[in-house]
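Colleague: I'd like to learn how to read a few features in a model like this one. Can we go through some together?

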Amino acid sequence: MNTLWEKDRTPPAYPSLSGDVTTDVLVIGGGMAGVLCARKLKERGIDCLIAEASTIGSGTTKGTTAVLSAQHDTLYQDLIRDFGSAKAKQYLDANLQAIAEFRSLAKGIPCDFEEKPSYMYSTMDAKKLEQEAEAVQSLGFDAKFIRQIPLPFPVIGAVVYPGMAEFHPLKFLYGAVEGLNILEHTLVRRIDGTTAYTDGGKIRARKVIVATHFPILNKRGLYFMKMHQTRSYVVALENAADLGGTYVGAAGDEMYFRNYKGLLLVGGGDHRTGTKGGGFPAVREFIRKYFQNPRERYAWAAQDCMSLDGVPYIGPYSPATPNIYVATGFNEWGMTSSMAAASILADMITGRKNEFASVFAPDRSMLHAQLFANLGVTLFNFVLPTVKRCPHLGCTLKWNPTEHTWDCPCHGSRFDENGKLIDNPATKNARV
């Protein structure tokens, strides 16, 4: 399935590693997070190398809907309750700053950047949204609760954030990589200290940033317990109205929307990778119900890393790996989180204090209900008798008949019908 963003795009091409090399900072992963990290480090005069397993932007970045928003579900009231107003404001300001940086860079990188209001709606719980608007207002941002929005189905309310945005992710990425030192088709299979091992040679570095979507180091950081992955499905329609903003449903209302050049993107059908869920049938049924004479132009699926508490993990990989850093767990907000991660990690590596770092610290408490859900799924699928196992940690693989892939319900690795690796954290093919 080709995404809308790949249409008429010719990506830049880079060599693969052949022999051993040395760099000051190695960034593993050439998606939005990795590229922005490398770009910021280069601006500060740091020798930096990106090692990408496939090609630049070919992973999660190409599947995003590319909405830039600080509106991340009803998260702020939870952050205030669990961590206090100061931490909640850190999170808000980090994302607002990320949007401002995209806005500034878009002046020099043509990427169809448009400022749009962001709406979070509900068909079930107006009180929750009113509380969220009040929470965000208490942090100093002009969020508003409103009763009516221009969607083709009834809602009981929405929270609107002014000054948010949308853009074309691959146009931006292909402009942002200019001047960076990049290796493609260079899959890092393991890291020993700060030396990365690939099939083409070793990469020795002083510091390493792991920006691989799901982290690939299993022995440190407990990310295989902290996260799971979900699939989400997007259909792009011709002959549909311009809604004048970006829209996402609050918990329980899973559909989301944005326009791009005469197309309307409708997404939803989310489910944990490797399990059954709504998928494309749910999205298409919703479209048939609420949109007149829609014409489907594109359809694709994306994958998101979900953290335990709704906040990304950005910072030192673990206490035992002082020169390795991580950017992961972006939930459904990968673009703004990528920019926030780049700012935080560039500051850490160059010895600067970052005012937002503490709220994203990867070593924060793991005591959340989702932890036990993750452990339960992993235990069940680890002991389930089957010969088709994920090479990551040995969980059973499940056949995905919609996308014709083998998917791991534990941590989200995916493989094609012949076992070739598609999505990490696995770093090698599966035997199927």
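Colleague: Is Phe-257 buried or exposed?

Modeller: Keep in mind that this is a predicted model. Buried means under 20% relative accessible area. Phe-257 has 2%, so it is buried.

Colleague: Which ring does Phe-257 pair with, and how do I read such a pair?

Modeller: A pair of aromatic rings is described by the distance of the centres and the angle of the planes. Here Phe-257 pairs with Phe-291, with 6.5 Å between the centres and 50° between the planes, which is a tilted pair. Phe-257 is in strand E13 and Phe-291 in the loop between helix H8 and strand E15, so the pair ties together parts 34 residues apart in sequence. Phe-291 counts as buried too, because its relative accessibility is 11%. Both rings belong to one aromatic cluster, along with Tyr-121, Phe-153, Phe-286 and Tyr-290.

Colleague: How many aromatic pairs are there in the whole structure?

Modeller: The search finds 21. Take Tyr-119 and Tyr-247: their centres are 4.7 Å apart and their planes at 5°, so this pair is stacked. Tyr-119 sits in strand E4 and Tyr-247 in strand E12, 128 residues apart.

Colleague: Which rings does Lys-226 lie over?

Modeller: Lys-226 lies over the face of Tyr-223, 4.6 Å from the ring centre. Its charged end also sits over the ring of Tyr-313, 5.0 Å from the centre of that ring.

Colleague: And what about helix H4: what should its 22 residues span?

Modeller: At 1.5 Å a residue, H4 should span 32 Å, and its end C-alpha atoms are 31 Å apart, which agrees. Its buried residues include Tyr-91, Leu-92 and Phe-102.

Definitions and conventions. Residues numbered from 1 in each chain as written. Predicted model: local features only at pLDDT ≥ 70, side-chain atom pairs only at ≥ 80, totals over all residues. Heavy atoms only, no water. Helix = DSSP H or I, 4+ residues; strand = E, 2+ residues; numbered from the N terminus. Expected span 1.5 Å × (residues − 1). Buried < 20%, exposed > 50% of the residue type's maximum accessible area, 1.4 Å probe, protein only. Phe/Tyr/Trp six-rings, centres within 6.5 Å; stacked < 30°, edge-to-face > 60°. Lys NZ or Arg CZ within 6 Å of the ring centre and 35° of its normal.
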